Amino acid sequence: MMSIARLRILLRQVPSLQAGVSVMSRRETASSSVTRECTDAGPILSITPESGLADELMDIRCLGLQPGQLVTLTAKVRTENGKYEYQASGQYRAAADGTVKVQTDPSLGGSYQGVEPMGLLWSQQPVPEVAHKHPRLVKFDVTRPFTYTFELHDGQGGVLASKVVERTYVADYVEKIPVSTGEAEGVLFLPEKREGSDPLPFVVDMRGLLTRLVVDRAALLASHGFAVFAFDYFLPRRLKTKEENVYMDSQAFLDVIKFAREHPRLDADRIGITSSCYGGSMMLHSVTRLQLPVRCMVAAGFSTVLSVQVGWKNLDGSLIDPIGPMTKLVSRWKDENDKWWLTFNAHSFSDLMEGYTEALPIVENINCPLLAFRHEDDKHIPSIPMTTELVKQMKEAGKGHLVELQSLPGTGHFLECPYQAINTVSSLYNPGQITTGQMTLYYTDFGGEDIQQGAKDQEFAWRKIINFFRKHLKVEKMYRTDWISD
């Protein structure tokens with residue numbers, strides 16, 4: 001049975017119910033209702049919505065305080081496996097009417113400072129007891145929400161009020177469908193049919209080389225009205241071979257296009273791709289080598305070159321080897337606590353590419369708009385020089401008019417969904433060891449230490465991506481309106 005909280009999400013997203021009623025006006029109405037209920041019972045913590053999508057703005061207010069009272073707001077959440085707790089805090093001073101409005105009032109201290117409506121979410125960091133383990137707050141199972149506990153504390157640390165809030169990554173009107181078609185595997189997120197919606201634009205989401213498929217971005221993007229296929233392009237092939245190199249099969253990419261053509265609700269004439277990390281390399285090679293019918297592409301913090309033991313298999317069966325060996329691409333070392341650390345060597349990529357161009361995409365074959373994000377503080381892979389070089393090559397090939405380059409000054413390797421905790425140092429398993437049974441856990445500095453700027457980058461990039469696809473995939477009717485801009 002659908003919960004009341006989930007029903008609220010669904011009702012908020014129905015356009016016919018939104019006509020003539022703005023998001024802010026609904027929140028103002030809810031706040032007014034809470035204010036009327038605020039009596040001598042004590043302070044009230046009001047959060048709207050109490051159950052919402054991960055990229056939905058929250059209205060957080062404290063009511064019934066003393067004028068000028070100094071209070072602290074905290075928020076806590078656990079990682080999906082329940083092992084690690086994250087927390088954030090902000091200090092606020094009540095206005096003359098005894099209220100704190102997080103959307104407009106500045107935080108005076110804590111995890112962030114200044115006016116930051118969603119600071120209690122994006123500034124989440126592991127609690128001190130587990131910080132040395134560098135866990136990463138990431139959503140794998142999008143069918144379950146993250147549950148945050150918000151508390152309002154007085155100057156002595158006493159809890160004045162509390163509230164539990166849910167943040168989910170997939171709307172109730174989006175169906176999650178496992179897909180296996182030909183050589184392609186993944187998960188399709190399909191919004192329900194609405195008047196005038198079908199056939200739906202089709203977006204392929206390609207992430208990096210991880211040890212499991214991450215679909216939070218795909219699910220959240222689908223909640224805006226796109227059909228999104230989270231393409232599991234790497235893991236199935238890594239698991240099939242124990243050879244040193246994995247070769248991406250060209251046929252798998254053609255099978256994704258075939259799937260779109262044959263699906264009754266998908267529009268194969270409106271296909272886009274979004275990518276990050278090694279997914280960028282796969283996107284560029286597939287589009288330029290196979291001449292896929294793609295209308296537009298997005299690449300964030302991405303690689304262009306075939307590397308890290310991942311090559312390419314042409315339709316005729318011939319292979320393109322990745323640059324390497326891996327020992328020249330990465331540096332590994334142990335710290336004083338016997339932890340392994342890993343970093344990629346930017347100069348090694350450049351040195352190994354000298355005289356070997358097969359591992360690069362065929363830039364002159366790019367024939368659709370590309371939105372490229374340059375992560376200015378990426379410390380994990382050399383995405384900055386690769387992004388810069390790609391744009392340069394496109395201009396030299398007479399394709400400069402097709403690329404839109406956007407700089408993200410505070411972003412490290414990861415560009416998370418809006419308001420998600422920003423992980424600057426974290427751990428990862430070597431995906432090349434999946435078939436060995438003995439996987440090494442590495443720690444790496446991903447960059448992005450200026451998390452306040454990184455949070456602004458998140459919002460900026462998400463709006464850009466949504467409206468880029470909306471424009472080039474010619475979407476006339478979105479399922480949500482809160483991120484649309486001209």
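This note walks through some features of the structure above, point by point.

1. **Before you start.** This is a predicted model, in which local features need pLDDT of at least 70 and side-chain atom pairs count only at pLDDT 80 or more, while totals for chains, interfaces and linings use all residues. Residues are numbered from 1 along each chain as its sequence is written, and side-chain values use heavy atoms, with hydrogens and water left out.

2. Strands of a sheet pair through backbone hydrogen bonds, either parallel or antiparallel. Here, six strands make an open sheet, and their order is β2-β9-β8-β4-β5-β7, with mixed pairing. At the edges are β2 and β7 (125–126), each of which pairs on one side only. Helices (H or I, at least four residues) and strands (E, at least two) are DSSP runs, numbered from the N terminus. Two strands pair if DSSP finds at least two bridges between them.

3. Have a look at β8 (residues 146–153) and β9 (residues 159–168), which are antiparallel and share eight bridges. Phe146 faces Arg167 in β9. Phe146 also has a charge above its ring: the charged end of Lys139 is 4.4 Å from the ring centre. For a charge to sit over a ring, NZ of Lys or CZ of Arg must be within 6 Å of the ring centre and within 35 degrees of the ring normal. Arg212 gives another example, lying over the face of Phe140 at 4.0 Å from the ring centre.

4. **A hairpin to trace.** Strands β10 (residues 174–181) and β11 (residues 184–191) run antiparallel and are joined by eight bridges. Together they form a hairpin with two residues between them, and Gly182 in the turn has a positive phi of about 60°. If you want a landmark across the two strands, Ser180 stands opposite Glu185 in β11.

5. **Aromatic rings.** A pair of aromatic rings is described by the distance of the centres and the angle of the planes. Rings of Phe, Tyr and Trp (its six-membered ring) pair if their centres lie within 6.5 Å; planes under 30 degrees apart count as stacked, over 60 as edge-to-face and the rest as tilted. The whole structure has 19 aromatic pairs. One of them is the tilted pair of Tyr419 and Trp483, with 6.3 Å from centre to centre and 40° between the planes. Tyr419 lies in the loop between β22 (403–408) and β23 (425–429), and Trp483 in the segment after α12 (451–472), so this pair ties together parts 64 residues apart in sequence. Elsewhere, ring pairs link Phe202, Phe229, Phe231, Tyr233, Phe253, Phe259 and Trp312 into a cluster.

6. **Salt bridges.** Side chains of opposite charge can pair when their charged atoms come close. A salt bridge is a side-chain nitrogen of Lys or Arg within 4 Å of a carboxyl oxygen of Asp or Glu, and the count comes to 18. In one of these, Arg480 meets Asp55, with the closest N and O atoms 2.8 Å apart. This pair links distant parts of the chain: Arg480 is in the segment after α12 and Asp55 in the loop between β2 (51–53) and β3 (59–63), 425 residues apart. Both Arg480 and Asp55 are buried. Arg480 also forms a salt bridge with Asp482, at 2.7 Å between the closest N and O atoms. Asp482 is partly exposed, at 30% relative accessibility. Through shared partners, Asp55, Arg480 and Asp482 join into one network.

7. **Another charged pair.** Glu192 and Arg194 form a salt bridge at 3.9 Å, N to O. Glu192 is partly exposed, with a relative accessible area of 38%, whereas Arg194 is buried at 14%.

8. **Cysteines.** How many disulfides does the structure hold? The count is zero, where a disulfide is a pair of cysteine sulfur atoms within 2.5 Å. Cys417 is in no disulfide, and its nearest cysteine sulfur, that of Cys277, is 16 Å away. Cys417 is buried, with a relative accessible area of 3%, and Cys62 is buried at 0%.

Methods: Buried means under 20% relative accessible area, exposed over 50%, partly exposed in between (1.4 Å probe, protein chains only).
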